Amino acid sequence: MNSKPTTDPVCGMKLGEGAAKDFLLYEGREYYFCSVGCRAEFERHPEDYAERAQSKTE
Amino acid sequence: MCRFLCYIGPEILLSDLLYSSENSLILQSYKSKERKEPLNGDGFGVGWYTPEIGPTPCVFRSLTPAWNNQNLQRLSEHVTSSCFFAHVRAASPGMRVGEDNCHPFQCGPYLWMHNGTIEGFWQIRRRLRASLPDHLYNSIEGTTDSEHAFAVFLNLIGDIDRKHSTSELGQTLVKTVAHLEAWTAETKSTAPSYYNFAVTDGHSVAAIRYVSDPKVEPASLHYAAGRKYECANGVCQLVDCDAGEQSVVIASERLSEDNSHWTRVAPNHLLTVSKDLDVNVELMAIERRDSAFDLLAEWRQDSRAMSN
Ligand SMILES: [Zn+2]
């Protein structure tokens, strides 16, 4: 999968370029994940993880 | 499905850990919040370490519900340790209710707890047992899938008297799941297995939150690290502290409503805690070679691509 270096918002893992296994567009932002499991977890509790991603970039 | 709790950090009183937090394990035994069925009354168990006496832990298990066991209350008010495992049980269908089947299970310096079920256990039981050397085969006292999984772990860790590193503990736990998955993949069961396991040797802790089908929600598991478990006026909570006072708590349910102190263990990830309380989270490298799941995943991917 094509992706920039980023952090998986669910498990906190640093994902190097191209390391993401799945991604999701949520409220206009792109999120990249280490696994299908982390993406599914994000989809179940988006408010928890999206919030965390936001506060880290601020 | 059950509820469990691990504590590692400065010495604390067992009763403070079990009874005195906002959503304590005792409360979870009769009104758990993150399970559909709130009762976990098919027995309980606690294990703890006393390094000044020896490397093996003490275990107290009982068949009564944890919420009305006076002996547990009395005993816990006089037990302190820097490493506790505690479990309240809701027996899975087909699993006998009995003291032998209560967690934590103990062998040598190890304690083991499980929240979940091995799907297709009765179809793999004979093969699982046949893989064990005599001493481990004979060490299985109860009938649960959980205790059998522990025997697989002990077989993989090898010499139980040798001290293993935190990473060895964690990787052996992952290997245990890989073995269980390889066996169950050959059964006819299509439902996923749920493996929330915790294991300790009294020095480090390894825990996983795992489900065979990564699209399915695994059983809940949370952790809180870098805070002190502090009690004042009969209420205990996790508070900010100096480095020397920090602890790590791993629990099926958060012990307090304050979400900012708690992190969900990511699905199908391994959480390890070293003696120095270094916490590490990593993805479990397990491929379940099960055509049913692969086909399902492919079908979902296709339908997602079509809807985009
Ligand atoms: Zn992840």
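Two strands pair if DSSP finds at least two bridges between them. Strands (E, at least two residues) and helices (H or I, at least four) are DSSP runs, numbered from the N terminus. This is a predicted model, in which local features need pLDDT of at least 70 and side-chain atom pairs count only at pLDDT 80 or more, while totals for chains, interfaces and linings use all residues. Residues are numbered from 1 along each chain as its sequence is written, chains are lettered from A in the order in which they are written, and side-chain values use heavy atoms, without hydrogens and water.

**View 1. Strands β8 and β13 of chain B.** β8(B) pairs with β13(B), residues 269-273, in the antiparallel sense over five bridges. B:Val205 has B:Val273 in β13(B) as its bridge partner.

**View 2. The open sheet of chain B.** Six strands form this sheet, in the order β5-β6-β7-β8-β13-β14, with antiparallel pairing. At the edges are β5 and β14 (279-283), each pairing on one side only.

**View 3. The largest nonpolar core.** A nonpolar core is a set of buried Ala, Val, Leu, Ile, Met, Phe, Trp, Tyr and Cys residues joined through side-chain atoms within 4.5 Å; buried means under 20% relative accessible area (1.4 Å probe, protein chains only). The largest core has 34 residues, and B:Trp112, B:Phe153, B:Phe197 and B:Ile208 have the most contacts inside it. Its largest share, seven residues, comes from α6(B).

Notes: Buried < 20%, exposed > 50% of the residue type's maximum accessible area, 1.4 Å probe, protein only.
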